[in-house]
Amino acid sequence: MEYCISADSHITEPPETYVDHIDPGYRDRAPHLANVEGVGDVFVIDGMRRSVPMGLVAAAGKPPEEIRIKGTTFDEIHKGGWDPAYRLADQDRDGVSAEIIYPTVGMVLCNHPDPDYKRACFQAYNRWLEGYCDPAPERLLGIGQTALRSPQEGAADLREIKASGFRGAMLPGNSPYEHDYDHPDWDPFWEAAIELEMPLSWHILTGSQDSLGQHQSRGPKLNTFLSIIRGCQDIMGTLVFGGVFERHPDLRVVCVEADAGWVPHYMYRMDHAFKRHRNWLSGAELSKLPSEYFAEHIYVTFQDDWTAFKHANLMNVERLMWATDFPHSDSTWPWSQELLAEHTADMDPADKARILHGNVTELYGLDPAV
């Protein structure tokens, strides 16, 4: 059995997450669970057309023919999504020693158009998550959320997230502030993250093409699945070409659940654009090639992307982190060990160890003996 830590797993927020923990002024509008005829149980979010059905968010382990969006109730899904005792048993079943834990409903909330409402929801989630992780803080490794209404408030949020015992912070894909993440106004926030040793994460589906989380795509609906990593790619490009890593050489960020096999080509494409087109396309002054910033500053997580293992030598192997995505529909649970045996069969043992546990241990300051 391989010793492994998941760099990206998830909560399934229980019905009381927001209602019981949100600022009283927002309680009547808090995200809440409702049963919709013909759809099943969904999380309803005030101010958004898109609700969160329970089908895909906890379909780990189901055969493909049973995966569906509609028709699922909360009492049918994995209890480990909200009960830490069940979660530890789920980890043991999959041979996973610990998990970096992200939200589910909170991913959709990242796209909410009201930054004040978003912040109230994120603070409520952080309060709930602290209690969830408390029974096993060495195995349930929470990532807090911040709405980033301003760089200064974001820095203060990082301090609160750190004080709560969380291992990092998850940011909305779209900056709610007047300037995007490459603007120098954000420099104090990046410096706060460096000072606090708090890795910053951007997860897929948290920075959609419009404020309500509606993806614009062409062709059959199955084609939309291929586009969901694009948002993370655009953020990484913004940071690199905007000179964020040039100005903050100690900053480390995580590109979450966007796979990793694309990274070698993406780094090539960045360098091609820089070498051939930087004189007529805008971008910050860079002292190194864009690929060098990507390789040094950006961690990427992936699940069953076998191309990431196959082409690890074309990337910085010290920035690759494997994950299970439990309990979501893309999860490798409960077959993680079988898949890892297949995908890493020809790998250098040292590289494999880095991807499966070494890199996540170093990034988040974990006990190597976990």
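User: Which hand does the crossing of H8 and H11 have?

Analyst: The crossing of H8 and H11 is right-handed. A crossing is right-handed if the near helix is turned clockwise from the far one by less than a right angle, and left-handed if anticlockwise. Helices (H or I, at least four residues) and strands (E, at least two) are DSSP runs, numbered from the N terminus. This is a predicted model: local features need pLDDT of at least 70, side-chain atom pairs count only at pLDDT 80 or more, and totals for chains, interfaces and linings use all residues. Residues are numbered from 1 along each chain as its sequence is written, and side-chain values use heavy atoms, with hydrogens and water left out.

User: How is a helix pair described?

Analyst: Two packed helices are described by the angle between their axes and the distance between the axes. Axes are lines fitted to C-alpha atoms, for helices over the stretch in contact, and angles run from 0 to 180 degrees between N-to-C directions. Here, the axes of H8 and helix H11 (residues 290-297) come within 10 Å and cross at roughly 115 degrees. That makes H8 roughly perpendicular to H11. Angles under 35 degrees count as roughly parallel, over 145 as roughly antiparallel, 65 to 115 as roughly perpendicular and the rest as oblique.

User: Which residues of H8 and H11 meet?

Analyst: On the H8 side, take Met236, Val240 and Phe241; they meet Pro290, Tyr293 and Phe294 in H11. Contact means heavy atoms within 4.5 Å. By class, this contact of H8 with H11 holds six nonpolar residues, no polar and no charged ones. Ala, Val, Leu, Ile, Met, Phe, Trp, Tyr, Cys and Pro count as nonpolar, Asp, Glu, Lys and Arg as charged, and the others, Gly among them, as polar.

User: At what angle do H8 and H10 cross?

Analyst: Their axes cross at roughly 40 degrees and come within 12 Å. H8 and H10 are therefore oblique to each other. H8 passes H10 in a right-handed crossing. Gln233, Asp234, Gly237, Val240 and Phe241 of H8 make the contact with Tyr266, Met270, Ala273 and Phe274 of H10. By class, the contact of H8 with H10 has six nonpolar, two polar and one charged.

User: How do H6 and H7 cross?

Analyst: Helix H6 (residues 151-163) and helix H7 (residues 187-196) have axes that come within 8 Å and cross at roughly 15 degrees. That makes H6 roughly parallel to H7. The crossing of H6 past H7 is right-handed. From H6, the residues Pro151, Gly154, Ala155, Leu158, Arg159 and Lys162 meet Phe189, Ala192, Ala193, Glu195 and Leu196 in H7. The contact of H6 with H7 has seven nonpolar, one polar and three charged residues.

User: What should I expect of phi and of peptide bonds?

Analyst: Most residues other than glycine have a negative phi, and most peptide bonds are trans. Now look for departures. Leucine 205 has a positive phi of about 70 degrees although it is not a glycine. Leucine 205 lies in the loop between strand E8 (200-203) and helix H8 (230-241). Aspartate 259 also has a positive phi, near 65 degrees. Its place is the loop between strand E9 (253-256) and helix H10 (263-277).

User: Are these two residues buried or partly exposed?

Analyst: Leucine 205 is partly exposed, with a relative accessible area of 23%. Aspartate 259 is partly exposed too, at 29%. Buried means under 20% relative accessible area, exposed over 50%, partly exposed in between (1.4 Å probe, protein chains only).

User: Where is there a cis peptide bond?

Analyst: One joins phenylalanine 326 and proline 327, with omega about 0 degrees. Proline 327 sits in the loop between strand E11 (320-322) and helix H13 (336-343). The peptide bond from tryptophan 333 to proline 334 is cis as well, with omega near 0 degrees. Proline 334 lies in the loop between E11 and H13.

User: What is the mean pLDDT of the protein?

Analyst: pLDDT is the predictor's confidence in each residue, from 0 to 100. The mean for the protein is 95, and 97% of its residues reach 70 or more. Confidence is lowest in helix H2 (residues 54-57), at a mean of 90, and highest in strand E10 (residues 298-302), at 99. Over residues 210-214, pLDDT stays under 50.
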